[in-house]
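Please consult the sequence and the structure shown below.

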2 protein chains.
Amino acid sequence: MITVALAKGALLKDSVSRFAKAGLDFSTVLESENRQLMVPSLCGRAKALLVRNGDVPVYVAYGQAQLGVVGFDVLREQQMPVAHLVDLGFGDCHMAVAVKQNSGYLKAIDLPPHCRVASKFTHCARTFFNEIDLPVELVHLTGSVELGPITGMAEAIVDLVASGRTLRDNGLVAIEELFYSTARLVGNPLALRLDRGELQGIVESIRANRPVLPELFC
Amino acid sequence: MITVALAKGALLKDSVSRFAKAGLDFSTVLESENRQLMVPSLCGRAKALLVRNGDVPVYVAYGQAQLGVVGFDVLREQQMPVAHLVDLGFGDCHMAVAVKQNSGYLKAIDLPPHCRVASKFTHCARTFFNEIDLPVELVHLTGSVELGPITGMAEAIVDLVASGRTLRDNGLVAIEELFYSTARLVGNPLALRLDRGELQGIVESIRANRPVLPELFC
């Protein structure tokens, strides 16, 4: 049976809709009264694991799910051994360096050496500051990163920006973009190699955003 | 001005009530319409930072908050340099090793060497399995750890258990306790050393669970 790891939260609705077009209907996970973490598809031929964003690559890498949908930001941060299959095009956002509006910093390289930078994405942040050769002290936070500069703990943050509203509401401004992120379909490399066509059919169908193999439909 | 880091979630209500008895009323943070992350006390003499559980020791260690309330489990996991001041007695739970009810394992040492153990608390788990000299492969998850054994990814989990209902609902059973956890009042060591009595007054009052210095009241 095919198992698909889906991230709870912002990407869920679009993920379910893309899988539905490929013949796997997981719409039960969208029902507000659903409390199950393992949900069978309507046809009973597959099941979805409903997990947190950061856990999708883990379940796919360990082979408990053959496919998964997760943001590129998480894939960049975690570096788990999963195959990147399709850029799904939704869940647009970018990873950015942001500072206080009145800080006077216009580019990341303007930040004072050895200043503190708060982030949930410390691996991405470290890679970026290494590339621009600016030594900074990274402070790992798990949420509300915008409090870092507001409380004076950090000079800057590295965080995901979608509409930019959270930054504006907190008097912050993005000064440099690290990379652009969208939702990705990922797969377990071994499962894909041993696949007899079923996984490939689903991947092709999701890539084309329409049914490719009519017989896949329940 | 005194800044207090409070953890969102299960500990918040009791934390606010203990600070209220010590003369600092942060009840605004409990209002459902509150969206502020930095909330002044009613008397204006202090402010609360409303952050995620895991971020409380960070804000206290970096001195952005002089005091904080957080579970002992988080303190054990993170090992941040904060002073442990008062065991507040609420938020009882314990960190436990749990396995599938039908697994046949009665103690952690029964687990097969090199099996996988899923946890949000990988530092605590590593320390425990090192102590019992059992080599295991730790899989870090960020939520719904009980899915680990259910999907077959892990033989066991290390997780917080309060009522035990989540374990039962998922066909799991706790087989060994690592440690007992309650909410703790923690402080920034330097702030406590430089304190001219104000912090000490609040700490004493919270320890006694009643006003110690009447003049602290707003």
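Chain A holds an open sheet of five strands in the order 8-7-9-6-10, with mixed pairing; strands (E, at least two residues) and helices (H or I, at least four) are DSSP runs numbered from the N terminus, and two strands pair if DSSP finds at least two bridges between them. This is a predicted model, in which local features need pLDDT of at least 70, side-chain atom pairs count only at pLDDT 80 or more, and totals for chains, interfaces and linings use all residues. Residues are numbered from 1 along each chain as its sequence is written, while chains are lettered from A and ligands numbered from 1 in the order in which they are written.

- Strand 7 (residues 116–119) of chain A pairs with strand 8 of chain A in the parallel sense over four bridges, and Arg116(A) stands opposite Glu137(A).
- Helix 4 (residues 122–131) of chain A runs at about 170 degrees to strand 8 of chain A.

**Six-stranded sheet**
- An open sheet of chain A has the order 2-3-1-4-11-5 and mixed pairing.
- Its edges are strand 2 (38–40) and strand 5 (83–87) of chain A.
- Strand 1 (residues 2–7) and strand 3 (residues 46–51) of chain A run parallel, joined by six bridges; Val4(A) has Ala48(A) as its bridge partner.

How values were computed:
Two residues are in contact if their C-beta atoms, placed from the backbone, lie within 7 Å. Axes are lines fitted to C-alpha atoms, for helices over the stretch in contact, and angles run from 0 to 180 degrees between N-to-C directions.
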